[in-house]
Amino acid sequence: MAKDKKLRTRGHRVVLNRSAGGDTGITIMLTILGAFMFLPMYYVVIQSLKPLDELFMFPPRFYVINPTFENFSDLFTLMSDSWVPFSRYIFNTVFITICGTLGNLIFASMAAYSLAKLRFPGRNAIFQVIVMSLMFHSTVNQVTHFIILSAFGWIDTYLSIIVPSMATTIGLYLMKQFMETSVPDTVLESARLDGASEFRTYLTIAMPMVKPAWLTLIIECFKNLWNSGSSIYIHSEELKTFNYAIQQIVSGGIARSGAGAAATVVMMLVPILVFVLNQSQIIETMGSSGMKD
């Protein structure tokens, strides 16, 4: 008679019945992959700490011989010499990013809820058009966007960037697919029988259940808007973004390469911080979002 296999435990909990060698191999593989993914960020930080003579050494080195913070001080010196206050560039970036991200979340989630959980004529046709729109790059639509924004009088205003960012279809597609699989119809029907309005059902029941989806959408939209540079719709210098100002600074030649490396680190820190603050919630909600009918 075959002996029963003994279950492995860790901290008084039963774990997957893998061998110790298998766990070690998986850990080593994940460590190598994690280090490989971290390498570009590490290299950017190292570059920002190199003096100018080390920046152009060949082959490139992944360490600093004489670390310095002069690149950051040069960056802030160049920023202070701008005829438009840099606080204005920062305000433009923060305002556009927050408004565009919130608008995208609101419109994408409401449209996704309607397409996923409400029954009305033409619902499938509308979704097919949305899926087809994912095939076209934003560059293809720039002429059409310019004509529409010009007709509304939004050229050279914040709305020329904020409004198009609210209508990105990738966020709607993500939210719709997630609502179909993670929000049971029985739960929504129970809320309607209890007298909840459709908007209240969407806001207090559907949205908490798809938290992983809209947190992911926030991170992706925030990253894209924060890193947006010059725009063909914005002409006034006082309306341009922080990333555009950084690009103008570092385009001054080789002497500003150190300041450019420091600027890359500054631009990289905020999206990373947003992701770090939200990743634990995404992982937690991904693990607990399943429900049985």
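This is a predicted model: local features need pLDDT of at least 70, side-chain atom pairs count only at pLDDT 80 or more; totals for chains, interfaces and linings use all residues.
**Exercise 1.** Work out how helices α10 and α11 are oriented to each other, and which residues meet where they pack.

*Solution.* Start with the geometry: α10 covers residues 198-209 and α11 covers residues 211-226. Their axes are 5 Å apart, and the packing angle is about 80 degrees. Angles of 65 to 115 degrees count as roughly perpendicular, so that's the label for α10 against α11. Next, the contacts: α10 brings M207, P208 and M209, while α11 brings K211, P212 and W214. Finally, sort those residues by type: five are nonpolar, one is charged and none is polar.

**Exercise 2.** Find which elements give two or more residues to the surface nonpolar patch, and which gives the most.

*Solution.* List the members: I90, V94, I98, L102, I106, F107, M110, F199 and L203. Together they have about 800 Å² of accessible area. I106, for one, sits in helix α4. The top contributor is α4, with seven residues.

**Exercise 3.** Take the salt bridge between K176 and E180 and explain how the two residues are placed along their helix.

*Solution.* Begin with the general idea: side chains of opposite charge can pair when their charged atoms come close. Then check the distance: the closest N and O atoms of K176 and E180 are 2.6 Å apart, and the cut-off is 4 Å. Now look at the spacing: both residues lie in helix α8 (residues 169-182), four residues apart, so about one helical turn separates them. For context, the whole structure holds six salt bridges.

Note on methods
Residues are numbered from 1 along each chain as its sequence is written. Side-chain values use heavy atoms; hydrogens and water are left out. Axes are lines fitted to C-alpha atoms, for helices over the stretch in contact, and angles run from 0 to 180 degrees between N-to-C directions. Angles under 35 degrees count as roughly parallel, over 145 as roughly antiparallel, 65 to 115 as roughly perpendicular and the rest as oblique. Contact means heavy atoms within 4.5 Å. Ala, Val, Leu, Ile, Met, Phe, Trp, Tyr, Cys and Pro count as nonpolar, Asp, Glu, Lys and Arg as charged, and the others, Gly among them, as polar. Patches are made of residues with over 30% relative accessible area and no salt bridge: like charges are joined within 9 Å, nonpolar side chains (Val, Leu, Ile, Met, Phe, Trp, Tyr) within 5 Å. Accessible areas come from the Shrake-Rupley method with a 1.4 Å probe; for residues, only the protein chains shown count as cover. A salt bridge is a side-chain nitrogen of Lys or Arg within 4 Å of a carboxyl oxygen of Asp or Glu.
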